[in-house]
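Work through the exercises below with the sequence and the model side by side. Try each task before you read its solution.

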Amino acid sequence: MTNDKVIPTQDGPPSDVERIKRESNYLRGTLSETLEDRLSAGIPDDDNRLMKFHGSYLQDDRDLRTERQRQKLEPAYQFMVRVRVPGGVATPEQWLVIDELAREYGNHTIKLTTRQAFQMHGILKWNMKKSIKRINEALMDTLAACGDVNRNVMCNPNPDQSEVHAEVYEWSKVLSDYLSPRTNAYHEIWLDGEKVVDSKENEEVEPMYGPVYLPRKFKIGLAVPPSNDIDVFSQDLGFIAILEDGRLQGFNVAVGGGMGMTHGDTNTYPQLGRIIGFCRPEQITDVAEKIITIQRDYGNRSVRKNARFKYTIDARGLDWLKSELTERLGWQLEEARDFHFDHTGDRYGWVKGTKNHWHLTLFIQNGRIQDKDDYQLMTGLREIAKIHTGDFRLTPNQNLIIGNVSSEKKEEIAELVAQYGLADGKEQSALRRNSMACVAFPTCGLAMAESERYLPALLEKIETMLEEEGLRDEEIVIRMSGCPNGCSRPALSEIGFIGKAPGKYNMYLGAGFSGQRLNKLYRENIGEKEILETLQPIIRHYAKERLDGEHFGDFVIRTGYVKAVTSGLDFHD
């Protein structure tokens, strides 16, 4: 791969975050003492950095900042708590615990994240320990939901679609447990566990991560073709299930994906994972561990914006990575196998799976579960959870599957769905069903523009254009992020928006419908009026001249609106 970009490697002193991790004694820091301090609802920055490893970080309500400054009050500090859900599967009992905590201590909403985790906002410092203890009692945890470690392992959210899906899901749980941090700090701080004095130099405490963990976050996902709902090429490490005669043979291994970048810095960019070979199912933990240790040893610890695994690979080359991996494994990956993806979205409504059980996929706008005057979504799901004997599955597209519904329970659950008017997506436009937005304002400190609160209104206006051209049922992937960190994976959308300033967005076009191609900047720093004026003639052109079965992203490339981008190294060209 030709690389003319200057990607920093290990030159320069470690960043301040590296100091914080090293001095933390395996993620302890002064968190225990800080949580007892009731003089402020906030915490020092060093502790906030460590808090991420425990699945949370400090935020404030940005809608209230100016008024609180005027009143000479500290910001409206609160915590976001993220709960890991490997493969996105939770029990009804666990759902009810999250629902109760969100109402008792949070802001009365639950966010289903793009990584199949639960997220709660608005939890005050003095309620943090109580919340995390209750989460743990429900056999869930927040450890490693954030921070410079492997995050929640993603997987196709319907393990009972087939026996292969169930097998792949089990591997996602194995990976999640195998790659979790081993420090006792989490149990000491949140669960009143016995305090252990770990030597700061004793790397046996964290035999894989070591005392300073990884240079940045690390993301893993397992995909089962033909569905690429987890956007496997956005992952630092992706495993693509290879099937023969309905049996799992193993996984193609894809490395170096990632969505984040920095506005104005062309040495940062989204990148696609690249396939480097094939491994057997029983080899998956060995491959994952060795890949992580390569990133641990070679990732950039000086410049955090260049610290993701994609930059480690692009700075040294794919051949270097393969050689390093082979040396650490002591064996070589096999040649990659053929596979095919045809979509990244969810399949809505009732579907019959294995064991004579049913699965209902509901449309959850941007993953936000809450009650409104005209839509009691949170209450409806709570009532379902009280009688449901199956499970809940969080999809990578922020939707929800009520899974493993027995034939006996199907009618009862269908009645509750009807009673509360829960949306199965069928009444939504295809564009809205394929939309995603990150949280952004008011709680995300990195947001430059609105996302979750704005995208639904923008969709209404774009839907009008599509309906006028007879395209209401045309599947188009559209995503919005409030900043270039890309939590909603906007670089993999056929129409993408990345926040630049309040009310202003960069607009990108041309990603692949099945997640195999990045999009490209088409218009910069534009507001709603310009967005609509720009999209209308393109949509009209698409309606008149698209080929049979041609997706929007493919059309805008064929007709010359943007160039195809199959490597992040070309993203800014």
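The exercises cover helix packing, nonpolar cores, backbone geometry and loop residues in this predicted model.

**Exercise 1. Helix 7 and helix 9**

Task: Find the angle at which helix 7 and helix 9 pack, and classify the pair.

Solution: 
- Locate the two helices: helix 7 spans residues 163-178, and helix 9 spans residues 284-298.
- Take the geometry. The packing angle is about 40°, and the axes are 10 Å apart.
- Apply the cut-off: angles under 35 degrees count as roughly parallel, and 65 to 115 as roughly perpendicular. Helix 7 and helix 9 are therefore oblique to each other.
- The crossing of helix 7 past helix 9 is right-handed.
- List the contact. Helix 7 supplies W171, V174, L175 and Y178, while helix 9 supplies I284, T285, A288 and E289.
- Sort by class. This contact of helix 7 with helix 9 holds 6 nonpolar, 1 polar and 1 charged residues.

**Exercise 2. Helix 9 and helix 11**

Task: State how helix 9 and helix 11 are oriented, and which residues meet.

Solution: 
- Helix 11 covers residues 318-329.
- It packs on helix 9 at an angle of about 120°, with the axes 10 Å apart.
- Check the cut-off: roughly perpendicular runs from 65 to 115, and roughly antiparallel is over 145. Helix 9 and helix 11 are therefore oblique to each other.
- The crossing of helix 9 past helix 11 is right-handed.
- From helix 9, the residues that meet helix 11 are D286, V287, K290, I291, T293, I294, R296, D297 and Y298. Their partners in helix 11 are W320, L321, E324, L325, R328 and L329.
- By class, the contact of helix 9 with helix 11 has 8 nonpolar, 1 polar and 6 charged residues.

**Exercise 3. Helix 15 and helix 16**

Task: Decide how helix 15 lies relative to helix 16.

Solution: 
- Helix 15 is residues 455-468, and helix 16 is residues 528-545.
- Their packing angle is about 25°, with axes 10 Å apart.
- Angles under 35 degrees count as roughly parallel, so helix 15 is roughly parallel to helix 16.
- Helix 15 passes helix 16 in a right-handed crossing.
- Helix 15 brings L458, K461, I462, M465, L466 and E468 to the contact. Helix 16 brings E528, I531, L532, L535, Q536 and I539.
- The contact of helix 15 with helix 16 divides into 8 nonpolar, 1 polar and 3 charged residues.

**Exercise 4. Nonpolar cores**

Task: Say which residues touch the most other members of the largest nonpolar core.

Solution: 
- The largest nonpolar core has 98 residues.
- Within it, F118, I220, L222, F239, F251 and L381 touch the most other members.
- A second core is separate and has 32 residues, including Y454, I478, I495 and Y522.
- For background, nonpolar side chains in soluble globular proteins tend to be buried together.

**Exercise 5. Backbone geometry**

Solution: 
- Start from the general rule: most peptide bonds are trans, and most residues other than glycine have a negative phi.
- P226 sits in the loop between strand 7 (220-223) and strand 8 (237-244).
- P442 sits in the loop between strand 18 (435-437) and helix 15.
- Compare accessibility. Y26 is buried at a relative accessible area of 2%, whereas N525 is partly exposed at 37%.

Terms used: Residues numbered from 1 in each chain as written. Predicted model: local features only at pLDDT ≥ 70, side-chain atom pairs only at ≥ 80, totals over all residues. Heavy atoms only, no water. Axes fitted to C-alpha atoms, helices over the stretch in contact; angles between N-to-C directions. Helix = DSSP H or I, 4+ residues; strand = E, 2+ residues; numbered from the N terminus. Left-handed = near helix turned anticlockwise from the far one by under 90°. Contact = heavy atoms within 4.5 Å. Nonpolar A, V, L, I, M, F, W, Y, C, P; charged D, E, K, R; others polar. Core = buried A, V, L, I, M, F, W, Y, C linked by side-chain atoms within 4.5 Å. Buried < 20%, exposed > 50% of the residue type's maximum accessible area, 1.4 Å probe, protein only.
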